[in-house]
Amino acid sequence: MAISSAICNTFKRDLLKGFHDFDSSGGDTFKIALYTSSATLGDEVAFIDPTGYFANNELTINRNSHKIQGVANNLVVTTERAGFTLVYYNATQGWVLKDRG
């Protein structure tokens, strides 16, 4: 799993188990940090928003020291019902989109 930290311990524990129930009534944004030095070729992390939560409560994926899609910027998701997988490629490209829905 390629998650190093999250906004709260419960959320981090849920992510490490592979699930978290986003509650659209909470009004919170979520920030997730990807691993730094331990990312290796083929590491994957997937995100899905089955309830449309991210349209009003953005998800920020902190890149730490790695790029996302070849760019040194965090990834901010505000698309309702977004679903995608990031896979680690190398230091030049960093985390790249494997699939999205």
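This is a predicted model: local features need pLDDT of at least 70, side-chain atom pairs count only at pLDDT 80 or more; totals for chains, interfaces and linings use all residues.

User: Why is the link between Lys98 and Glu44 called a salt bridge?

Analyst: The side chains of Lys98 and Glu44 come to 2.8 Å, N to O. A salt bridge needs a side-chain nitrogen of Lys or Arg within 4 Å of a carboxyl oxygen of Asp or Glu. The value of 2.8 Å is within 4 Å, so the pair counts as a salt bridge. A search of the whole structure finds one salt bridge.

User: Why is this pair said to tie together separate parts of the sequence?

Analyst: Lys98 belongs to strand E7 (residues 94-100) and Glu44 to strand E3 (residues 44-48), so the pair ties together parts that are 54 residues apart in sequence.

User: How do you know whether Lys98 and Glu44 are buried, exposed or partly exposed?

Analyst: Buried means under 20% relative accessible area and exposed means over 50%, with partly exposed in between. Lys98 has 48%, so Lys98 is partly exposed. Glu44 has 37%, so Glu44 is also partly exposed.

User: What makes Leu59 buried or exposed?

Analyst: The relative accessible area of Leu59 is 0%, and the cut-off for buried is under 20%, so Leu59 is buried. Leu59 lies in strand E4 (residues 59-62). Of the 101 residues of the protein chain, 34% count as buried.

User: Which residues are in contact with Leu59, leaving aside its neighbours within four places in sequence?

Analyst: They are Phe30, Ile32, Phe47, Phe54, Leu75, Val76 and Val77. For a contact, heavy atoms must lie within 4.5 Å. The C-alpha atoms of Leu59 and Leu75 are separated by 8.1 Å, but that is a distance between C-alpha atoms, whereas the contact rule concerns heavy atoms.

User: What is known about the largest nonpolar core?

Analyst: The largest nonpolar core has 17 residues. Leu34, Phe47, Leu59, Ile61, Leu86 and Trp95 are those with the most contacts inside this core. Strand E2 (30-34), E3, E4 and strand E6 (83-90) each supply at least two of its residues.

User: Which residues does Leu86 touch, not counting those up to four places away in sequence?

Analyst: Leu86 touches Leu34, Phe47, Ile61 and Trp95, among others. The list for Leu86 also includes Glu44, the partner of Lys98 in the salt bridge.

Methods:
Residues are numbered from 1 along each chain as its sequence is written. Side-chain values use heavy atoms; hydrogens and water are left out. Helices (H or I, at least four residues) and strands (E, at least two) are DSSP runs, numbered from the N terminus. Buried means under 20% relative accessible area, exposed over 50%, partly exposed in between (1.4 Å probe, protein chains only). A nonpolar core is a set of buried Ala, Val, Leu, Ile, Met, Phe, Trp, Tyr and Cys residues joined through side-chain atoms within 4.5 Å.
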